[in-house]
Amino acid sequence: MQRAVIALAAVVPLVAVAAFSLSPSRATAQDEPATYVGAETCKECHYQEHKAWKGTGLAKSLDALRPTTEESNAKLFAKKTKAELDPAKDYTTDATCLKCHTTGYGLPGGYPEDPAASDEAKARAAELGSVSCEACHGPGSRVVAFKKAETAKDKDAKFTFEQMAPYGLIHPNEDNCAVCHNADNPTNADATFVFDAEKKKPHPEKEKRKKKRKKKKKD
């Protein structure tokens, strides 16, 4: 499965200003490709979204690749069995699976192809071992640097998608998600993916705010 939620990153998205070492002077649309900063960085500015995401299956996506017993997770065990996967097997080193169960697999700054290669690789694997913010909204280093530079000039600065899109921010659509949520997904091949419903799960606060704004307009 290939992660759009990755190409997005290719899972909940949310880019933050938090402490990040990239110099603000490098935050231009012409810079080198953005790299991944991790959900904890996103959390600094998007706490509610991060909290909601933590309660979704996206935040536990890598766990689904670990050995499963009927006692530990009967539903997942049944799905793996139906898909003719071995529930007792550890798929956390399977590249085909990792593309859709991690963030930025094999991409610059993303989940490493070999997490044991170095301490740095281990740290990235720990941070990006899920379908997190940047899996859907794109790697966030340039967005973070841009927002950091702007808030240094004006701590009350507000940002729009149009401002941040040149720095790599993505608004995912159904096609993005279909890269992983499709008939090639062995445990969900026959499931119907409803984009409008699924996108609300990691963003319940955003949906509430939209409803409030609509209500105010009506009033």
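A salt bridge is a side-chain nitrogen of Lys or Arg within 4 Å of a carboxyl oxygen of Asp or Glu. Across the whole structure, a search finds 7 salt bridges and 1 disulfide (a pair of cysteine sulfur atoms within 2.5 Å). This is a predicted model, in which local features need pLDDT of at least 70 and side-chain atom pairs count only at pLDDT 80 or more, while totals for chains, interfaces and linings use all residues. Residues are numbered from 1 along each chain as its sequence is written, and side-chain values use heavy atoms, with hydrogens and water left out.

**The disulfide**

- A disulfide is a covalent bond between the sulfur atoms of two cysteines.
- C100 and C180 are joined in this way, with an S to S distance of 1.9 Å.
- The two cysteines link distant parts of the chain, 80 residues apart: C100 is in helix α5 (residues 95–101), and C180 is in the loop between α10 (174–178) and α11 (195–198). Helices (H or I, at least four residues) and strands (E, at least two) are DSSP runs, numbered from the N terminus.
- The torsion about the S-S bond of C100 and C180 is about -85°, so this disulfide is left-handed.
- C100 counts as buried because its relative accessibility is 8%, and C180 counts as buried at 4%. Buried means under 20% relative accessible area, exposed over 50%, and partly exposed in between (1.4 Å probe, protein chains only).

**Cysteines too far apart for a bond**

- For C133, the closest cysteine sulfur is in C42, at 3.9 Å, which is too far for a bond. C133 is buried, with a relative accessible area of 1%.
- For C177, the closest cysteine sulfur is in C136, at 5.7 Å, again too far for a bond. C177 is buried as well, at 7% relative accessibility.

**Salt bridges**

- Side chains of opposite charge can pair when their charged atoms come close.
- R124 and E120 form a salt bridge with an N to O distance of 2.7 Å. Both lie in helix α6 (residues 119–128), 4 residues apart, which is about one turn of the helix.
- R124 is partly exposed, at 22% relative accessible area, and E120 is partly exposed at 47%.
- D196 and K199 meet in a salt bridge at 3.8 Å, N to O. D196 is partly exposed at 48%, and K199 is partly exposed at 34%.
- E198 and K201 also meet in a salt bridge, at 3.2 Å, N to O. E198 is partly exposed at 30%, and K201 is partly exposed at 48%.
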